[in-house]
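Open the model in your viewer and keep the selection tool at hand. We will go from the whole chain down to single residues.

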Amino acid sequence: MRAVTLEGLGAVAAITTNLVEEARRKHRTYPTATAALGRTLTAGVLMGSLLQPPQKLTIQILCSGPLEEIVVEADAGGNVRGFVRRPHIHLPIRSGKLDVARAVKEGVLCVVKDLGLKEPYTGCVPLVSGEIAKDITHYLAVSEQQPSATALGVMIDKDNSVKVAGGFLIQPVAGVSEEVIGEIEENLKNLPSCSQLLLEEKTPEGMLQKVLKGFTLDINQIKNIQFKCRCSKEKCREALIALGIKEIEDMLSKKREVEMWCNFCNEEYVFSLLELGGILTEVKRRKGLHKIH
Ligand SMILES: [Zn+2]
C-alpha cells in the first residue's frame, strides 16, 4: 500500500487495494458500498498526501441515495479511516459497473481541512455525479479554485473482496503552460477506466508513468498508507465519564454490561458492571474536585 507524490506537477497516485479490503472486512460492506467507501478512502489518501504533518482532513458525503453518509478522515502521514452509514447496500450492476452514482445520488460533499490554524477550513459543494471522483474534482475547482483531474477506482472480485483499488490526482501548479496541460489532457483521454488501469499497473509509479506519458517523472516522496483508527477503550471511558452521574447510575441499574462501537472501524468496546462502577466513582471524584475549585 503506497502513495507516490510528484510535487513538480502536483501529481499523486495510490494503490489502496489492501486498505479498502481492510475497510470492507471491518465494516462488512456489500459491493456497491465497498466501492463508494473505497473510492472516498482513496480520495482521502490522495488529498491527505498533499498536506504537511500534522495537518489532516475529513471528507463527508451526505446524500439521499441509499448509502446516506460516507465519512473519511486522512492525515498527511498516510493514515486513513472511514465508514459508510449503510454498509449493507448493493444495487444492481449497470452497464457492467457497480452503480455508485445511484447509491450516492443527490447530496453534498464537504471537506474540512485542519491546517493547524485557529479555525479549520470547510468547503461544501453539491454532488454533481455521485461517482465520487467527479465530485472531488468539482469540489477542488469550486471550493479551492484548484483545477485537477481525479480518477478513483475499486474493482470487486467474485467473492466480494476487493480485487484492486486506487487512484490518482493531478493538479497543475501555477505557471504550468497550456501546452503541458493539453498534453496531460490528451493522455487522460487515452487512458482506460481507472479500474482497468489498476489491473494493468501494479504500482503508483506505473500509474503516473501512464498518466504522464511523455514527461520525465521526478518522484520525490513515497509513503506507506494504512487504515488506522484513533479509537481506544480509554477514549470510550472518557466519553462515558462525560455523560455524568445520572446516566451512569441508569446504566448500572440495568445490571448489564455496556457495549460501545467505533463508527470509523467498527471496533466494539465492552464495559463490565465492575468497570461502570469505577467510572461512576471517577465521575463523582471529578465533580468533587470541580466543587473545590
Ligand atoms: Zn475506531
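Begin with the domain centres: taken over C-alpha atoms, those of domain 1 and domain 2 are separated by 38 Å. To colour them, select 2-227 for domain 1 and 233-292 for domain 2; these bounds come from an automatic or database domain assignment. This is a predicted model, where local features need pLDDT of at least 70 and side-chain atom pairs count only at pLDDT 80 or more, while totals for chains, interfaces and linings use all residues. Residues are numbered from 1 along each chain as its sequence is written.

Next, go to where the domains meet. Here 5 residues of domain 1 are in contact with 4 residues of domain 2 (contact: C-beta atoms, placed from the backbone, within 7 Å). On the domain 1 side, α1 (17-27) and β5 (79-84) are the elements that give two or more residues, and β5 gives the largest share, 3 residues. Helices (H or I, at least four residues) and strands (E, at least two) are DSSP runs, numbered from the N terminus.

Now select P53 and P54: the peptide bond between them is cis, with omega near 0 degrees. P54 sits in the loop between α2 (31-48) and β3 (56-63).

Move on to S95, in the loop between β5 and α3 (100-103). S95 is not a glycine, yet its phi is positive, about 50 degrees. S95 counts as exposed because it has 5 C-beta neighbours inside 10 Å (exposed: 12 or fewer other C-beta atoms within 10 Å of its own, with C-beta atoms placed from the backbone).

Last stop: E106, in the loop between α3 and β6 (107-114). E106, also a residue other than glycine, has a positive phi near 50 degrees. With 11 C-beta neighbours inside 10 Å, E106 counts as exposed.

Note on methods. Contact = placed C-beta atoms within 7 Å. Buried ≥ 20, exposed ≤ 12 C-beta atoms within 10 Å, placed from the backbone.
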